Amino acid sequence: MIHTPLDVERIRQDFPLLVTPFKGRPLHYLDSAVSGLMPKVAIERMARYQALEHTNVHRGVSTLSQEATDHFEAAREKVRGLLNAPSAKSIVWTRGATEAINLVAQSWGRTHLKTGDEILLSAMEHHANIVPWQLLAQEVGAILKVIPMDANGELILDHLDRLITERTRLVGVVHVSNVLGTVNPVKAIVQAAHAKGAVVLVDGAQAVPHLAVDVQDLDCDFYVFSGHKLSGPTGIGALYGKKSLLDAMPPWHGGGNMILSVTWEGSTFMPAPQKFEAGTPPIAQAIALGASIDYLKGLGFEAIAAHEHALLECATARLLEVPGLKILGNQEGKAAVISFVLEGVHPHDIGSILDHENVVVRAGHHCAQPVMRHFQVPATTRASLAYFNHAEDVDALLRGLHKVREIFG
Ligand code: PMP
């Protein structure tokens, strides 16, 4: 039994995958860090758009098109509210966190970085917040530097003042690590970066599902996330950028939907966010994400965090009783992500045996190979918890791990 403010058994009824037998048995979904499940209201909202409201947005005078545009822009407003951004004009739709980071690297980065400039990234970044900067650094001759982390999976910030130099143009930091669950002190990092005139991009892909985010309080310059980690559909995500920065940034994709005028001599562009949204956007996905945000707000982010924390404590204590099991990432107050290694057993074998038990976890490098190298492991098994998980999921995980121990000795 865990003490939780959520009525989890009722909540579970909202998820078709959780109430429909999978391979004839209940499914234990402990893989929300890979992708969150969508509640029925969001699935139905998406279907309603496709069935009864479908057209294109920002064009045409038809009632259908105007209504689709209204729903689409209302969803943008919901994202604004989620992040507490000052204006919906600061919210750019993207395909996800990855595309949002690439947008900043290609548009802001190419404009502002020159040979010898520095980009400072944390040691626990997802590849999505490493590779776009490497591509840019190679192109313009910039230098990548790294904020180190310790054995507990926490950033070492003692020398941050020295790591951020007069040449640092951008600091990129993950808000919550997808491998370790570590919640980084983003506000302090932003203050240190701003003191040296650097801008800060925060990768919030794993933060938005777990905590209330306030970009004004963090004072970050860019914040990115993916809808599918937030109980929304794939193919949609968002970039928050401070308006002054977005206004000064050039478009990165060209096409319809983003121009004011086009002649053979050249084109002029709409203001942000439209100038970054060339072509037809993922309309149904944006509207469904809006429904997911409403659903989560209905549950309450504080209640979600309290539930996940209770489950995390219970799961952590029980996992540590498994002989030879070590958890990577032990920050106090971390988010509900548990990466572990089991002595003598490859994570892929663990993942396969758990799969036989209908327990879904992720086994691999989690798109964070530098983190694996830091801990000197090839891969980990990761169980990630969400507001719809109940104690039975943790029981099933433990049953599966005892099977692993029986098989591998
Ligand atoms: N950053 C982090 C911390 C992530 O966990 C992920 C997804 N695993 C991403 C970025 C990339 O998200 P997406 O693939 O949805 O763009």
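Predicted model: local features only at pLDDT ≥ 70, side-chain atom pairs only at ≥ 80, totals over all residues.
Residues are numbered from 1 along each chain as its sequence is written, and side-chain values use heavy atoms, leaving out hydrogens and water. Local features need pLDDT of at least 70, side-chain atom pairs count only at pLDDT 80 or more, and totals for chains, interfaces and linings use all residues.

Q: Why is H3 called roughly antiparallel to H4?
A: The axes of H3 (residues 40-53) and H4 (residues 63-83) cross at roughly 165°. Angles run from 0 to 180 degrees between N-to-C directions. Those over 145 degrees count as roughly antiparallel. Therefore H3 is roughly antiparallel to H4. The axes come within 12 Å.

Q: Which residues make the contact of H3 and H4?
A: Arg-45, Tyr-49, Leu-52 and Glu-53 of H3 meet Leu-64, Ala-68 and His-71 of H4. Contact means heavy atoms within 4.5 Å.

Q: What makes Ser-65 count as buried or exposed?
A: Its relative accessible area is 2%. Buried means under 20%, exposed over 50%, partly exposed in between (1.4 Å probe, protein chains only). So Ser-65 is buried. Ser-65 sits in helix H4.

Q: What makes a set of residues a nonpolar core?
A: The members are buried Ala, Val, Leu, Ile, Met, Phe, Trp, Tyr and Cys residues, joined through side-chain atoms within 4.5 Å. The largest core here has 82 residues. Leu-83, Tyr-223 and Tyr-387 touch the most other members. Helix H11 (residues 283-299) gives the largest share, eleven residues. Another core, of 29 residues, lies apart from it and includes Val-92 and Phe-276.

Notes: Helix = DSSP H or I, 4+ residues; strand = E, 2+ residues; numbered from the N terminus. Parallel < 35°, antiparallel > 145°, perpendicular 65-115°, else oblique.
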